[in-house]
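Hi everyone, thanks for coming. I'd like to walk you through a structure that may be new to you, so please have a look at it while I talk.

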Amino acid sequence: DELALHVVVRDITERKQMEHQVRQLAFFDTLTQLPNRRLLNDRLSQAIAATRRNERYGAVLFLDLDNFKPLNDLFGHTMGDLLLVEVAQRLTSCVREVDTVARFGGDEFVIALPYCALPQALHWAEQLRRSLVQSSPTLANHSLPSGTLTLSAGVADILLGNTDDLLAQGEALFQAADAALYEAKEQGRNRI
């Protein structure tokens with residue numbers, strides 16, 4: 001009796017590249033490469049669960065660039081996009097590895113800070129705000145005057161909560177941080 005052996009070799013490189021591209025489109029903002037809302041919801045649910053499990057604090061920062069629309073209109077959408085990418089990079093460089101910086105939409109960003117008490121979150125928000133005010137970015141040889149780019153932020157702390165619905169608790173956190181953000185804007189912008 002003879003044994004026949006057939007070997008099939010298939011290059012799956014292209015398929016793996018397509019899977020990676022689909023994942024990128026599903027979970028990351030195409031402009032900034034930051035997590036999008038879908039991935040943010042997942043990471044926030046994990047942060048809430050970890051906060052409960054370890055009985056520690058956490059916080060959510062809701063950030064909005066002040067007067068982004070006039071800057072976008074003045075310099076054009078391409079420059080506005082470059083500005084959003086620069087802001088995303090600055091935000092990412094200022095946080096810990098366990099934190100999640102996400103683009104929520106337009107010129108709004110959210111940072112999930114697990115294991116971070118409210119006073120520390122307020123301090124970080126102030127550091128982020130100051131870093132943008134003190135050092136305005138240079139975009140394609142256009143220097144923005146110092147203080148042109150400012151940031152308003154709302155902060156909500158992750159409490160242990162009494163609901164088992166992590167998505168509902170996450171949505172409540174977004175709403176609380178968003179309300180705090182708009183209160184900061186009503187008080188004159190460039191504040192927390």
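**Charged pairs and a helix contact**

Let's start with Arg130, which forms a salt bridge with Glu126, their closest N and O atoms being 2.9 Å apart. The two residues are 4 apart in helix α5 (residues 118–134), so about one helical turn separates them. Arg130 is partly exposed at 40% relative accessible area, and Glu126 is partly exposed too, at 21%. Keep in mind that this is a predicted model.

How many salt bridges does the structure hold? There are 8. Side chains of opposite charge can pair when their charged atoms come close.

Another one joins the side chains of Asp29 and Arg103, at 3.1 Å from N to O. Asp29 sits in the loop between α1 and α2, and Arg103 in strand β2, so this pair ties together parts that are 74 residues apart in sequence. Buried or exposed, what is Asp29? Asp29 is buried, at 15% relative accessibility, and Arg103 is buried as well, with 15%.

Next, Asp99 and Arg96 meet at 2.6 Å, N to O. Here Asp99 is buried at 8%, whereas Arg96 is partly exposed at 25%. There is also a network of salt bridges linking Asp64, Asp66 and Lys185.

Finally, the helices. α3 (residues 68–75) and α4 (residues 77–93) pack at an angle of about 130°, their axes 6 Å apart, which makes α3 oblique to α4. Among the residues in contact are Phe68 and Leu71 of α3 and Met79 and Leu83 of α4. The contact residues comprise 6 nonpolar, 3 polar and no charged ones.

Terms used. Residues numbered from 1 in each chain as written. Predicted model: local features only at pLDDT ≥ 70, side-chain atom pairs only at ≥ 80, totals over all residues. Heavy atoms only, no water. Axes fitted to C-alpha atoms, helices over the stretch in contact; angles between N-to-C directions. Parallel < 35°, antiparallel > 145°, perpendicular 65-115°, else oblique. Contact = heavy atoms within 4.5 Å. Nonpolar A, V, L, I, M, F, W, Y, C, P; charged D, E, K, R; others polar. Salt bridge = Lys/Arg side-chain N within 4 Å of Asp/Glu carboxyl O. Buried < 20%, exposed > 50% of the residue type's maximum accessible area, 1.4 Å probe, protein only.
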